[in-house]
Amino acid sequence: TDQIAIVSGASRGIGKAIALLLALQGAKVVAVARSENDLEELTLKTQGLCIVADISIEEDAQYVVQETLSRFGRLDILVCNAGVGSFNELEHFEAAEWDRIFDTNVKGTFLLCKAAVPHLKAQKSGHIVGITSDVAKRTFPHGTAYGASKFAQDALLASLRKEVRPHGIKVSTIYPGLVDTYFNDTTPGSPEAEKTHLRPSDVAQALRYVLEAPAHVVIDELMLHPLTQEY
Ligand code: NJP
């Protein structure tokens with residue numbers, strides 16, 4: 001299809017796999033992240049558009065949507081994937097680290113949706129997909145900041161789902177378990193992680209399933225885990 005899709009956090013990990021799969025399926029992909037070099041490499045592969053932007057800054061989020069519309073004239077899919085996390089006992093968390101996590105995961109999702117929704121409403125169509133986490137539904141030690149941010153991102157998307165449904169706009173949320181990416185300063189590709197983690201392409205396939213639902217169906221939530229993960 002010739003759908004127009006914005007993917008945040010497309011420079012690596014899950015977002016990159018999503019951008020590549022959407023491009024393979026014929027979508028025009030607008031890849032968004034802060035790392036220009038990684039984005040340029042991806043854009044060569046997707047033949048789409050890359051936008052260097054920090055989604056936690058309102059001007060940047062607005063620019064992403066404006067550029068997409070001026071280049072392609074419409075927007076069909078918004079994938080809110082960009083996210084960060086780190087893990088520690090509560091009393092060892094710096095307030096600045098708390099802010100970084102919330103600014104990216106919660107405010108970043110809010111700002112991209114805020115920029116896109118008026119246009120989707122005018123079109124009377126569109127699909128917003130949030131890549132949150134299974135920890136939006138469970139809690140664990142050392143996860144105060146990340147878990148709270150994912151609960152908040154989840155609540156934002158669930159509220160928005162009800163708000164935009166009358167306008168013909170779908171909101172879906174995907175909750176992955178462990179995924180082998182660069183998340184929290186890890187390096188993907190170790191033989192160990194292959195046994196214990198999902199691959200980014202597994203999450204991309206889940207997103208594909210969500211997007212391919214018939215016009216009259218919205219898949220509200222989809223959770224996936226590696227078979228080995230206890231949760
Ligand atoms: O992580 P990683 P994942 N503005 O680090 C971008 C969730 N998740 O793919 O800006 C714009 O490989 C960053 O690009 P750059 C997780 O919470 C993961 O695993 O250039 N972009 C990069 O492209 C997150 O929501 C696991 O540094 C920003 C991307 O985000 C999503 O999956 C488990 C940005 C991060 O790529 C993707 O994370 C789970 C900003 N301000 C949920 N800040 C897991 N890996 O185990 C970051 O349940 N980015």
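How many nonpolar, polar and charged residues does the shell around the ligand have? Counting by class, there are 13 nonpolar, 15 polar and four charged residues in that shell, where Ala, Val, Leu, Ile, Met, Phe, Trp, Tyr, Cys and Pro count as nonpolar, Asp, Glu, Lys and Arg as charged, and the others, Gly among them, as polar.

Please keep in mind that this is a predicted model, in which local features need pLDDT of at least 70 and side-chain atom pairs count only at pLDDT 80 or more, while totals for chains, interfaces and linings use all residues. Residues are numbered from 1 along each chain as its sequence is written.

Let me turn to helix 1, which gives the shell its largest share, three residues; helices here are DSSP runs of H or I with at least four residues, and strands are runs of E with at least two, both numbered from the N terminus. The 12 residues of helix 1 should span 16 Å at 1.5 Å a residue, and its end C-alpha atoms are 17 Å apart, which agrees; the expected span is 1.5 Å times one less than the number of residues.

Helix 1 is also mostly covered, since 11 of its 12 residues are buried, meaning that 20 or more other C-beta atoms, placed from the backbone, lie within 10 Å of a residue's own. Those buried residues pack against several elements, including strand 1 (4-8), helix 2 (36-46) and helix 7 (200-211), with contact taken as C-beta atoms within 7 Å. Just after helix 1, Gly-26 takes a positive phi of about 100 degrees.

Definitions and conventions. Two residues are in contact if their C-beta atoms, placed from the backbone, lie within 7 Å.
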